[in-house]
Amino acid sequence: MGIILKNGKLLDLDTGLLLSREIEIEEGLVRKIKDHIEIPETHNLQVIDLRGGVIVPGFIDMHVHLRDPGLEYKETIETGTKAAARGGFTTVACMPNTKPVLDTPEQMRYIYETAEKTGFARVLPYAAITRSERGEELTDMEALKKAGAVGFTDDGVGVQSGGMMRSAMERAKSLELPIVIHAEDETLSGKGCMNEGEVSKRLGLPGIPGVAESVHVARDVLLAELTGAHLHVCHISDASAVDLVRWAKKRGIHVTAEVTPHHLLLTDESIDGTDANWKVNPPLRTEKDRLACLEGLLDGTIDMVATDHAPHSEEEKQRAFQVAPFGFVGLETAFPLLYSELVLKSKLISLPDLVKKMATAPADVFGLSGGRLRSGGVADLTVLDLQQERTIDAGEFLSKGRNTPFVGRKVKGWPVLTVCGGRITYQNLPTA
Ligand SMILES: [Zn+2]
């Protein structure tokens, strides 16, 4: 059955104008975008009144932990993609640090088949760079590409050996897929549980220095220059790492980067060392680092926003700060948080630019469908209620994870309808 969206405002990403447009969706595609679409007397179309909601391309998150297979008590493909749909996302790329690690073609097929059966978003699996993410032996990257891997990453841990990374990049280059790095030198991060600095000293907690991240970024942009591979830097958080990416881009090295909402909005100053819902890796850093990430996002050094959605059980996050696992959930709060803080409050970024960072840029960088709305294109879209203001309540999450430091914040701009491939995956339109 087709869908007609009425009374919506289509956001023009080039001009920022909100255009009164009606959209007809059929067989997974946008059929028409017009001022007015006549509805025949007899039809079997679903007509949806958007009540002034703002229509944007569906968001794309290139960094999500779906925890499936093996860690289903934290999240499943079903619950993780329901959370994605609620957050306005139509495509998510899932990280391979599951149990077992996604390092075989069979595992790629498991993700695609399970997402097809139970999912509420398109799911693109990353494959591991090294077997079991142990850093010892490369995976069969060619077979993984054939099975649909969207890129290669050992996310969760850094690839410690420069030689291993060079070989991985050489293969990735020949396969024309990106190497996606969790930049962390373990000999520098050690047993740290938060950013190394004034706050960690005051709290007496072991720190992770920013340089644990930036030395890997330095090494890997140089290896990308040597090999010609596409390097994508995950969850950038350190000011020097941002400078290195800026330098590499100027030099013509094929490097792209993502930043999370939490690294754009929070610092280690808010950590009191008791609540592990503030524990994440890379850690929340200083105001200087936060401002560098913002600047990087605004000047194009950082291409896109990614959530690093990392659900854990309540029991795990209730453990002492030093021993609890790292990670925040992020899919259901990313847009309202960034819209409220960066578009409305600080006015640093425009609405169309934020949408580009969350939809168009990831599609362009990773060569995906979606990212923009046009007739004939895939019907992946999100409708936002920019007036709706609500407090973030973890009890409402569709994710199994409740672990976020943003609970209790009042934010505006909630997604009210998500359509993925012509199918309604989330709907919470205000009633008349
Ligand atoms: Zn990571």
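The dialogue below goes through some strands of this predicted model.

Q: How do strands of a sheet pair?

A: Strands of a sheet pair through backbone hydrogen bonds, and the pairing is either parallel or antiparallel. Here, strand 15 (residues 381-391) pairs with strand 16 in the antiparallel sense over eight bridges. Within this pairing, arginine 390 stands opposite valine 411 in strand 16.

Q: Which residue stands opposite leucine 417?

A: The residue opposite leucine 417 is glutamine 427 in strand 17. Strand 17 (residues 423-427) and strand 16 are antiparallel, with four bridges.

Q: What do strand 16 and strand 17 form?

A: They form a hairpin, with two residues between the strands. In the turn, glycine 421 has a positive phi of about 55°.

Q: Why is strand 16 largely enclosed by the rest of the structure?

A: Buried means under 20% relative accessible area. Strand 16 (residues 410-420) is largely enclosed because nine of its 11 residues are buried.

Q: Which order do the strands have in the open sheet of three strands?

A: The order is 6-7-8, and the pairing is parallel. Strand 6 (59-64) and strand 8 (122-125) stand at the edges with a single partner strand each, so one side of each has no neighbour in the sheet. From one strand to the next, the twist averages 20°.

Q: How many bridges join strand 6 to strand 7?

A: Four bridges join strand 6 to strand 7 (residues 89-94), and the two run parallel. Valine 64 stands opposite cysteine 94 in strand 7.

Technical notes
Residues are numbered from 1 along each chain as its sequence is written. This is a predicted model: local features need pLDDT of at least 70, side-chain atom pairs count only at pLDDT 80 or more; totals for chains, interfaces and linings use all residues. Side-chain values use heavy atoms; hydrogens and water are left out. Buried means under 20% relative accessible area, exposed over 50%, partly exposed in between (1.4 Å probe, protein chains only). Two strands pair if DSSP finds at least two bridges between them. Axes are lines fitted to C-alpha atoms, for helices over the stretch in contact, and angles run from 0 to 180 degrees between N-to-C directions.
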